[in-house]
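Hi everyone, thanks for making time for this.

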Amino acid sequence: MPTQSLSSIAVDLNLQTVVVDEPTGISPETWQTWVKTWLDTLAVALPPAIGYELTLRLSDDQEMATLNRQFRQQDQSTDVLSFAALESELPDYRSLMTDELDLEPLYLGDIIISVATAARQAQERNHSLITELAWLAAHGLLHLLGWDHPDEDSLQAMFTQQTELLDQIGISAPVAP
């Protein structure tokens, strides 16, 4: 099985923006750079592929409440939702490699962030909206890659990994909520 070189990871980020009241101050190119940097950092945990695709949707509280109600049965907005395309219960995915996987980028899934909720949380936590959005995007990406936090220990491990990802892009991680 070929190993991945950090510099060889190709990333196609589909950035979608719902009409939001709060401008993010983050360009599509910056989002692309961040996600590529994070995937480079996490390369050893990635399934081998010619490249990777994911969708990042910057949304509002109304859409987030609808999605949260539909998929998590919680009748409220939330800050970030992730919909992983890879099944976490699959056996070792490296053994499932086919020629088709080698020809097309691997779709990791969707991350949806409520910019309005992120703006409120940034203000409450006394840091910038950019910091909060990066924190939430890193959290969402980890979920796409199989991370979860059913208990306090796994949540702290996830926060530690998020901090490392933000360090990679030159952002000081906020104090974990």
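Let me start with a question: are α5 and α6 parallel, antiparallel, perpendicular or oblique to each other? Keep that in mind while we get our bearings. Please remember that we are looking at a predicted model.

First, the overall layout. The chain contains 6 helices and 4 strands. If you read along the sequence, the pattern is β-α-β-α-β-α-β-α-α-α. There are 177 residues in the chain, and 41% of them are buried. Now take the contacts between residues at least 6 apart in sequence: 74% of these join residues at least 24 apart.

Back to that opening question. Two packed helices are described by the angle between their axes and the distance between the axes. For α5 and α6, the angle is about 120° and the axes are 9 Å apart. Angles over 145 degrees would count as roughly antiparallel and 65 to 115 as roughly perpendicular, and α5 and α6 are therefore oblique to each other. Their crossing is right-handed. On the α5 side, the residues that meet α6 include Trp135, Ala138 and Leu142, and on the α6 side, Phe159, Leu165 and Leu166 are among those that meet α5.

Helix α6 has another partner, α1. Here the packing angle is about 125°, again with the axes 9 Å apart. That makes α1 oblique to α6, and the crossing of this pair is right-handed. The meeting residues are Thr37, Trp38 and Thr41 in α1, with Leu165, Leu166 and Gln168 in α6.

Let's stay with α1 for a moment. This helix has 14 residues and reaches 20 Å from its first C-alpha to its last, close to the 20 Å expected. Its buried residues are Trp31, Trp34, Val35, Trp38, Leu39 and Asp40. And what do they pack against? The answer is β1, β2, β4, α5 and α6.

That brings us to the largest nonpolar core, which has 43 residues. Those touching the most other members are Trp31, Trp38, Leu39, Leu54, Ile113 and Leu141. At least two core residues each come from β1, α1, β2, β4, α4, α5 and α6. Helix α5 gives the largest share, 10 residues. For a closer look, pick Leu39: leaving aside neighbours within four places in sequence, this leucine is in contact with Ile9, Val11, Leu46, Tyr52, Leu54, Leu108, Leu141 and Leu145.

Now for some loops. Between α2 and β3 you will find Thr78. Is Thr78 buried or exposed? With a relative accessible area of 16%, Thr78 is buried, because buried means under 20%. Beyond its neighbours within four places in sequence, Thr78 contacts Met64, Asn68, Arg72, Ser114 and Thr117.

Gln73 sits in the loop between α2 and β3 too, but this glutamine is exposed, with a relative accessible area of 64%. Gln73 is not a glycine, although its phi is positive, at about 55°. Asn126, in the loop between α4 and α5, likewise has a positive phi, near 60°, without being a glycine. Asn126 is exposed as well, with a relative accessible area of 71%.

Conventions
Residues numbered from 1 in each chain as written. Predicted model: local features only at pLDDT ≥ 70, side-chain atom pairs only at ≥ 80, totals over all residues. Heavy atoms only, no water. Core = buried A, V, L, I, M, F, W, Y, C linked by side-chain atoms within 4.5 Å. Buried < 20%, exposed > 50% of the residue type's maximum accessible area, 1.4 Å probe, protein only. Contact = heavy atoms within 4.5 Å. Expected span 1.5 Å × (residues − 1). Axes fitted to C-alpha atoms, helices over the stretch in contact; angles between N-to-C directions. Parallel < 35°, antiparallel > 145°, perpendicular 65-115°, else oblique. Left-handed = near helix turned anticlockwise from the far one by under 90°.
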